[in-house]
Amino acid sequence: MQQIHLGAIDYSILIVYFAFVLGIGWVLRRYVKNSEDFFLSGRSIPTWIAGLAFLSANLGAQEVIGMAASGAKYGMMTSHFYWVGAIPAMVFVGIFMMPFYYGSRARSVPEYLRLRFDEKTRGLNAITFAVMTVFSSGISMYALAKLLELVLGWNFHASVVLSGVIVLAYIFLGGLTSAIYNEVLQFFLIVLGFLPLVLLGLKDVGGWSGLKEKLVPVATGAGYAPGAWSSAWRHLGAAGDNPMGVEWFGMAMGLGFVLSFGYWCTDFLVIQRAMAAKSMTAARRTPLIAAIPKMLFPALVILPGMIAIALHSSRGGLLPVGADGTPNYNLAVPALLAHYLPSGLLGLGLTALMASFMSGMAGNVTAFNTVWTYDIYQSYIRPGQTDAHYLRMGHAATVIGIGLSVAAAYATTRFNNIMDMLQLVFAFVNAPLFATFLLGMFWRRSTGHGAFFGLLTGTGAAAIHHGLTLPQGAVPGLKGGFLGTVLHTYPSEMAQNFWTAIVAWSACFAATIVISLVTRRNKSDEELKGLVYSLTPRLRDHDLVWYKRPAALGVVVLGLTLVLNVIFW
Amino acid sequence: MNLDLRLPMGLMFSIFGAMLAVYGIVSSRAIYDRSLGINVNLWWGLVLLGFGLVMLGFALRAREAQRAGPGSPTG
C-alpha cells in the first residue's frame, strides 16, 4: 500500500478539530469545583449526551480498525459482536443493573462491590481494573502511532506525544464532563467521517447485492460455502463451516452471554458514563439510547472491511500481502481511505480515526483516575483527607495515567510478548466477572468470601482451560497448551477464547454459590437495601411517556436487533 | 451543565462543511477520479454544513427559550 500524502486542507481540518477538543476542555474547567464534578460530572449529564458517550468511550481506534479487520477476515459473522453481543447486554444493564449501580450512589464499580460484598472483593477488582486500563490505553496508543507511521510516515514518537498531550489537556481541565462532551463530538465525527467511505465503497462494488456477489470467490477460495462471508447465522451449524471456526452454541454463550455481558455490564469505563447521568431514569436510559446507534454500527465499521476484501480479491492489490500469503486485514480502513478519498475528505477521515483513538483513550484515563483516587488512594493510601485533596489527586492521577500509558506504549514496542501475555491474563481476570455481579445483584445469600474466592476460581479455571487446549495449527505457549498436555484442539483461536470464557464463568458461578452457602452472610438485609434485587423497592415509571420508559425502550431495541439478525441471516 | 454541547458541535461541523465545500469548488477535477468522479468534497461539505447549522439552530433556540423563561431546562 502506498503512503498517503496529506494536503494543506487535510491538516487544517485536523487542527480545527484539535482546537475544538481543547476549547471544550477550556470552557468546562470553570465547572470543576469538587471531586464529584471531576470524577462523576456532578451527576448532571443530560441523557442523550450520556448515551452517546457510553457508546463512544468504547469506540476506540482498535474497534474501528479491528472490526473492519474482522469484517475482512470473517465477513458478516462479525456482526455477532453487535447483534448477539453488545445489544442484549446493553439492554440488560440498563433495565436490570443500573438501578443498583446508580441507586447505591456508589462512585465506581469497585465501590459497588465493597457495598455489596466486602473490601477484598473491591480491592481485587479495583487493582486489576486500574492496571488493565493503563495497559489497554498504552496498547492502543502504540497501535495508532504504528499505523500513522505506516500510512502517513509520521514520526512514532511525535504521534504518541501529541495524542497523549491533547487527551491529557482536556481531561485535566474539565474532568469527566470534558471527556464525555468530547466523546459525543467524536462520535459524530467518527460517523460523519467514515460514512462517505462506506457510501463510495458500496457504490463502487454495486451495492449490497454486488458486494455479496464479489464475496463469493473470497468464500469459495477459502474452501467455504459461497455465502459464508455475507450471512451472519447460516453457516454457524458446525465450527468447520465458517471462517471464525465457531459453532452457534459457543458463539451465543461465549460471546453473547459471558464476554459481552461481562464487558458491558461490569466495565467501569462504560458504566461511569451512565453513573454521571442526571437522574435514575437518565442513567437507565443511557445504555438503551447507546444501543440504537450501536446496532447500526456494523454498517460503519464492519462493512468497510468486507468491501476491502471484496475489492482485494476481485481487482487485486488493495491490501498488502504478508510473507505467508494472507492479506494484512488491519489495513482495511487505511487502504480504503487512500483508495477512495481525495484530499479534503481524506483529512476528515483521518481526523475521525484520531477522534476514535482519543475517545477510547479518554475513556480509559477517566476510568483509571477515578478508580485510582476513590478505590485505591482514598481507601488504602490516604483515607480521611479533604475533598480538595482528592481533587488534586485526580488531576495528578490523570497525568500519571497518561504517563503510564505512554510508558506502556513504549514497552509494547520492545516487549511485544509481554503485552500479549498481559492481555491474556486480563482475559482470564475479566471472564468470570459477570457471574459475580449477577449473583451479587440477584441473590442476597451470596457472601463476600463467596464473591472473592469465586472470582479467583473463575480466573484459575480460565488459565487451566487455556493451558490445556490449543487452537488448530498453533504451538504450545501463549496460544495455550502451556500446561504440558493438550486435551482439546479448537478449530480457531476465537473458539478457544469463547470456551475459555464459558468455563471461567461457569466455574465462578458454581464456586460463588458453594462458598456462599458454607460461609456466613456478612451483610444484613438492611445493609443490602438498594444493592440487591429482592431487597430494593421496584422503580415506578408509569408517569413517563411510553418511549421514555426503560423497559419499553429495551423491548423496541431488542425487537429491531432481531429484525437485523433475520435480514442478514 | 451550563455548556450546551450543540453550540461547539454545530460550529465545528459548520466550519468543516464550509471548508470542504469551498475546497470542492476550487480544487481540480482530477483529484475526484478516485472518488468515482463525484466531487465528494463539495457534496459532503454541504451535508456537514447542513448538519452543523441544524445543531446551531437548536442550540440558539434553546438559548432564546432560556432567556425568555428563566429556569426552564435546556439540553
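Which residues does F453(A) touch, not counting residues up to four places away in sequence? I looked this up in the predicted model. F453(A) touches A511(A) and I515(A).

**Around F453(A)**

I placed the residue next. F453(A) sits in helix α19 of chain A, which covers residues 448–468. I then checked burial. F453(A) has 20 other C-beta atoms within 10 Å, and 20 or more counts as buried, so F453(A) is buried.

**Helix α2 of chain B**

I checked the length of α2(B), residues 40–68. At 1.5 Å a residue, its 29 residues should span 42 Å. I find the end C-alpha atoms 41 Å apart, which agrees.

I listed the buried residues of this helix. They are V40(B), N41(B), W44(B), G45(B), L48(B), G52(B), M55(B) and A59(B). Residues three or four places apart in an α-helix point the same way, because there are 3.6 residues a turn.

What do the buried residues of α2(B) pack against? I found α8 (156–205) and α15 (345–381) of chain A, along with α1 (6–26) of chain B.

**Where chain A meets chain B**

I counted the contacts between the chains. 32 residues of chain A are in contact with 25 residues of chain B. On the chain A side, α1 (8–28), α8, α14 (332–340) and α15 each supply at least two residues. α8(A) gives the most, with 10 residues. By class, I noted 23 nonpolar, 7 polar and 2 charged residues on that side of chain A.

How values were computed. Residues are numbered from 1 along each chain as its sequence is written. Chains are lettered from A and ligands numbered from 1 in the order in which they are written. This is a predicted model: local features need pLDDT of at least 70, side-chain atom pairs count only at pLDDT 80 or more; totals for chains, interfaces and linings use all residues. Helices (H or I, at least four residues) and strands (E, at least two) are DSSP runs, numbered from the N terminus. The expected span of a helix is 1.5 Å times one less than its number of residues. A residue is buried if 20 or more other C-beta atoms lie within 10 Å of its own, exposed if 12 or fewer, and partly exposed in between; C-beta atoms are placed from the backbone. Two residues are in contact if their C-beta atoms, placed from the backbone, lie within 7 Å. Ala, Val, Leu, Ile, Met, Phe, Trp, Tyr, Cys and Pro count as nonpolar, Asp, Glu, Lys and Arg as charged, and the others, Gly among them, as polar.
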